[in-house]
Amino acid sequence: MTNPQPEVADVLSGLRAVADGPLSSAVNMPSAMYHSDEVLALEQERAFGRDWVSPGLAAEIPEVGDHLTWSIADQPVFCVRDASGEVRTFSNVCRHRMMTLVAGDGNSRRITCPYHSWTYDLGGQLVGTNHMEHTDGFDRADICLPEIRTEVWQGWIYCTLDENAPSVAELLAPIEGFVVPYGVADYVPVHRVDEVWDGNWKFLTENFMEGYHLPVTHRATLGTWMPMTSVVFPDERHGAFTYQMFEKDENAVYGRAHADNDRLEGAWRSTTFMPTVFPSHMYILAPDHLWYLSLRPLGTGQVQLRFGIALAPEVHASLDDPEAWISEMVGFFTAVCEEDRVVVEGIHAGSRSPLARPGPLSWLEHELHHFMGYLADRLMASS
Ligand code: FES
Ligand SMILES: [Fe+2]
């Protein structure tokens, strides 16, 4: 990657200046940050290609051979529970003629390519082939799928293409004390869906990070659940993440600890913690449930989002009619997501206008300011 062209270099310098200034005088990022192919290429190389992304929860692939697929900086990968029970990630591209190996979720003891049946074990080793006996020097033992660095942190699968990135545990140590008491690794996954929205991935990230829109966009669902006065943001900007947390209002339908929850005490029993792990993993961690988003850009104008829901174990165990209850909850949060889709796609469309200009931010948009700092750090870093 060469250095940014002058126009993009100017945009990034402006971003740096706003990020380094106070939030009270910050304006949102200019349209070029969302519509420039060059910015996207920098993001893929320097953010998605170097930082940690999360394809989901380790609990979503609990059994040996369970696998799920994702893509990191446009490289298809699959995560699999190997024969020893470890979560590992491999390139999802066959070493024969480069067919995509695995589609979606599944379980199998062997990964068999749908094109010519080359077959790999759960460690990525090629173990089965047909009709290769006349190929000079061919030895299955020489062929293995490239493995992607993977760590499981507090129940989350994280992968990176960068062998030299600091560990997830190290990067997220400052929020460990918030996440651990919820016991998220024991939450029970109940729903996961992948969707494509017509908007730049950063519009969705920013939408997640601010509660300013809740009373308006979500007035029909959870708009009143977050009392604005109780919102807490980090005191300083961290390089790998940002967050907000707040106590849910008493009228919140979801978000309070079950009576059998003996992990959380006092105000924590109604507190929701909402981290964004840069660039694209964000979740709402409540005492009774969790919902998460993991994003990947599909060009500048579309984003693939993975939307998952999990329940605290005592909530799941207490359900008399799990199917009906879960279906109602999933329906509720799906409606919330749909409300967000409308605004994310609306911002994307609006920001294309020649007259569009970014405006000043509210204090409730604190995390957007952190996000600008992260993007300036990454996109202006030398190759
Ligand atoms: S491309 Fe996979 S077996 Fe041929
Ligand atoms: Fe929203």
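In the predicted model, V39, L42, E43, R46 and A47 of helix α3 are in contact with Y374, R378 and L379 of helix α10, contact being defined as heavy atoms within 4.5 Å. Helices (H or I, at least four residues) and strands (E, at least two) are DSSP runs numbered from the N terminus. The axes of α3 (residues 37-48) and α10 (residues 366-379) come within 9 Å and cross at roughly 85 degrees; α3 is therefore roughly perpendicular to α10. Axes are lines fitted to C-alpha atoms, for helices over the stretch in contact, with angles from 0 to 180 degrees between N-to-C directions. Angles under 35 degrees count as roughly parallel, over 145 as roughly antiparallel, 65 to 115 as roughly perpendicular, and the rest as oblique. By class, the contact of α3 with α10 comprises 5 nonpolar, no polar and 3 charged residues (nonpolar: Ala, Val, Leu, Ile, Met, Phe, Trp, Tyr, Cys and Pro; charged: Asp, Glu, Lys and Arg; polar: the others, Gly among them).

Helix α10 also meets α6 (residues 201-209), with axes that come within 9 Å and cross at roughly 140 degrees, which means that α6 is oblique to α10. On the α6 side the contact involves W201, K202, T205, E206 and M209, and on the α10 side E367, L368, F371 and L375. Its classes are 5 nonpolar, 1 polar and 3 charged residues.

Residues are numbered from 1 along each chain as its sequence is written, and chains are lettered from A and ligands numbered from 1 in the order in which they are written. Because the model is predicted, local features need pLDDT of at least 70 and side-chain atom pairs count only at pLDDT 80 or more, while totals for chains, interfaces and linings use all residues; side-chain values use heavy atoms, with hydrogens and water left out.

The domain assignment, automatic or from a database, gives domain 1 (6-50 + 180-379) and domain 2 (53-160). Their C-alpha centres lie 30 Å apart, and 24 residues of domain 1 are in contact with 21 residues of domain 2.

The largest nonpolar core has 100 residues, and those with the most contacts inside it are M33, Y158, I175, Y283, L290, L293 and F333. Such a core is a set of buried Ala, Val, Leu, Ile, Met, Phe, Trp, Tyr and Cys residues joined through side-chain atoms within 4.5 Å. Buried means under 20% relative accessible area, exposed over 50%, and partly exposed in between (1.4 Å probe, protein chains only). Helix α9 (residues 322-350) supplies the largest share of this core, 8 residues. Both domain 1 and domain 2 give residues to this core, so it lies between them. A second, separate core of 15 residues includes L101, V102, W118 and Y120.

Beyond its neighbours within four places in sequence, M33 is in contact with V11, L12, L15, V39, E43, K202, L375 and L379.

T221 is placed in the loop between α7 (214-217) and β12 (241-247) and counts as buried at 17% relative accessibility. With neighbours within four places in sequence left aside, T221 is in contact with F332, A335, V336 and E339.

Among the backbone features, the peptide bond from F278 to P279 is cis, with omega near 10 degrees; P279 lies in the loop between β13 (271-277) and β14 (281-285). D74, in the loop between β2 (66-72) and β3 (75-81), has a positive phi near 70 degrees in a residue other than glycine and counts as exposed at 53% relative accessibility.
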